[in-house]
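Keep the model open beside you and find each residue as you read.

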Amino acid sequence: MKNICGAGLGFRREMLKALLPTLPSEVDFWEVAPENWIPLGGKYQEQFQQASSQAPFTTHGLSLSIGSSDKLDVEFVKTVKRFLDANNIALYSEHLSFCSGNGHMYDLMPIPFTEDAIKHVVSRIVQVQDIIERPLVLENVSYYIAPGQEMDELEFTKSILKESGCKMLLDVNNVYVNSINHKYDAKAFINGLPSDKIVYGHIAGHYDEAEDLKVDTHGADVIEPVWDLLEHAYLTHGVFPTLLERDFNIPPLSELLAEVKKIKQIQAKCEAVRVSNVKGSVA
């Protein structure tokens, strides 16, 4: 299986004409939602295989609903496992949230930050990991309410990671959005995360509803404070693979590649700092 590294971009069907037959070399890895490619067949299967033979791919699911009170959809998870194996994909990432409750909600809802929720989610993560035969990778999500909160987001997230054995997808924009909406220190949140759990990251744009209300949209360019927060994350935890998310208002490929290039520039800068610090400590 191909490991991801460097800077990535979402692989979307509406972008196929611009991406194929030869994927742009500026992008080191690509990400897909399994639900959008299962089952594969015909032209799309050929195009996906053409692309996945050229570069590493990872996955970011939409409907696992790890925090739901509904029974886990075991057959769906088995289908994802077959997709991962068939396409030599190492990672299955999803959202630390839920999107179903007696039916699909078509939105990502926050899991209550409670001890009971931790136990419930951990048991479901273990079940998923047993099926996919890989650690599940969970993303910190943006949220706008925190029902029944018994602890803060950081404590809740760390407990899930520790007790389940799962890994983390660090979405830097979500940290920024939540820090504004819920009035906490974004850098302190990132500082508190366990470095060994972070497998890769996301960065994206958002919408300014008001000075104190940001909405995670993936529909705009990344702003400078979020780029700065990404750099802080690298300097804190080491450089990790990072993907640019853009789900609508999608600009020309050249503009997306410019943001991918900026990820690489920040990665190179932070890696140089790390090397310099290592040399300094040796001297």
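1. Start at the N-terminal end of helix H6, which Asp171 caps: a side-chain oxygen of Asp171 lies 3.1 Å from the backbone nitrogen of Asn173. That is a polar contact, meaning a pair of N or O atoms within 3.5 Å; within protein, one must be able to donate a hydrogen and the other to accept it, and residues adjacent in sequence count only if both atoms are side-chain atoms. Helices (H or I, at least four residues) and strands (E, at least two) are DSSP runs, numbered from the N terminus.

2. A word on where this comes from: the model is predicted, so local features need pLDDT of at least 70 and side-chain atom pairs count only at pLDDT 80 or more, while totals for chains, interfaces and linings use all residues. Residues are numbered from 1 along each chain as its sequence is written, and side-chain values use heavy atoms, with hydrogens and water left out.

3. How many of the 10 residues of H6 are buried? Nine are, so this helix, residues 172-181, is mostly covered (buried means under 20% relative accessible area, exposed over 50%, partly exposed in between, with a 1.4 Å probe and protein chains only). Among the buried ones are Val172, Tyr176 and Asn181. After H6 comes Lys183, with a positive phi near 60°.

4. Now look for charge on the surface. Glu115, Asp116, Glu150, Asp152, Glu155 and Glu163 gather there in a negative patch. Helix H4 (115-132) and helix H5 (153-164) each supply at least two residues of this patch. Asp152 sits in the loop between strand S7 (136-139) and H5, and Asp152 is partly exposed at 42% relative accessible area. Patches are made of residues with over 30% relative accessible area and no salt bridge; like charges are joined within 9 Å, and nonpolar side chains (Val, Leu, Ile, Met, Phe, Trp, Tyr) within 5 Å. A salt bridge is a side-chain nitrogen of Lys or Arg within 4 Å of a carboxyl oxygen of Asp or Glu.

5. There is a nonpolar surface patch too: Tyr144, Ile145 and Leu213 make one of about 280 Å². Tyr144 belongs to the loop between S7 and H5 and counts as partly exposed, at 40% relative accessibility.

6. Next, some backbone angles to check. Most residues other than glycine have a negative phi, and most peptide bonds are trans. Ser65 is not a glycine, yet its phi is positive, about 55°; Ser65 is found in the loop between strand S3 (57-60) and helix H3 (74-86), and is buried at 4% relative accessible area. Asn88 also has a positive phi of about 55° without being a glycine. Asn88 lies in the loop between H3 and strand S4 (92-95), partly exposed at 48%.

7. Which form does the peptide bond from Leu20 to Pro21 take, cis or trans? The bond is cis, with omega near 15°. Look for Pro21 in the loop between helix H1 (16-19) and strand S2 (29-32).

8. Finally, compare sequence with space. Gly67, in the loop between S3 and H3, counts as buried at 15% relative accessibility. Gly67 and Cys99 are 32 residues apart along the chain, and 8.1 Å separates their C-alpha atoms. Leu243, in strand S12 (residues 242-244), is buried with a relative accessible area of 0%. Leu243 and Ile266 are 23 residues apart in sequence and 13 Å apart in space, C-alpha to C-alpha.

Note on methods
Areas by Shrake-Rupley, 256 points an atom, 1.4 Å probe, with all protein chains shown as cover. Lys, Arg positive; Asp, Glu negative; His and termini not counted. Charge placed at Lys NZ, Arg CZ, Asp CG, Glu CD.
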